[in-house]
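Let's take a friendly walk through a protein model together. Have the sequence and the 3D view ready as you read.

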Amino acid sequence: MSSINDLVDRVERLLVRHEELKRTNGLLEQQVQALTLERDSLRSRLAAARARVDALLDRLPLEAADLLESGDGGDPSDSRKTGA
């Protein structure tokens, strides 16, 4: 008779564990959903920021844009570029 009682105890513990795991899984699914929304929001903000930077770059005078693209430091006596 004790083996049946042991089996009943094990089944009850398994049921309790199953419920705990279901609750944990539900919480994890909520976290994944929240993080997915946050990631999507951050991606959207990044795309908007890139668009603003691109628009600002497009407004730069052509000579300044050429200097930026070529990587030319321009006037070496310019203290803003040398950090002096």
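The sections below cover confidence, overall layout, surface and charged pairs.

Residues are numbered from 1 along each chain as its sequence is written, and side-chain values use heavy atoms, with hydrogens and water left out.

The score pLDDT is the predictor's confidence in each residue, from 0 to 100. The protein chain averages 86, and 81% of its residues score at least 70. Among its elements, helix α1 (residues 2-59) has the highest mean pLDDT, 97, whereas helix α3 (residues 79-82) has the lowest, 48. Across residues 79-84 the pLDDT is below 50. Beyond near neighbours in sequence, that stretch has three contacts in the model (a contact means heavy atoms within 4.5 Å). Where pLDDT is low, the predicted coordinates should not be read in detail.

## Layout and surface

Which secondary structure elements does the protein chain contain? There are three helices and zero strands, giving the pattern α-α-α along the sequence. Here helices (H or I, at least four residues) and strands (E, at least two) are DSSP runs, numbered from the N terminus.

How much of the protein chain counts as buried? Of its 84 residues, 2% do; buried means under 20% relative accessible area, exposed over 50%, and partly exposed in between (1.4 Å probe, protein chains only). The accessible surface of the chain comes to about 7,900 Å², and carbon and sulfur atoms account for 57% of this area. Such areas come from the Shrake-Rupley method with a 1.4 Å probe; for residues, only the protein chains shown count as cover.

## Charged pairs

Side chains of opposite charge can pair when their charged atoms come close. A search of the whole structure finds three salt bridges, each a side-chain nitrogen of Lys or Arg within 4 Å of a carboxyl oxygen of Asp or Glu.

R17 is partly exposed at 45%, and E20 is partly exposed at 31%.

E19 and K22 form another salt bridge, at 3.7 Å between the closest N and O atoms; both lie in helix α1, about one turn apart. In R39 and D40, the side chains meet at 2.9 Å, N to O. R39 is partly exposed at 39%, as is D40 at 35%.

Key. This is a predicted model: local features need pLDDT of at least 70, side-chain atom pairs count only at pLDDT 80 or more; totals for chains, interfaces and linings use all residues.
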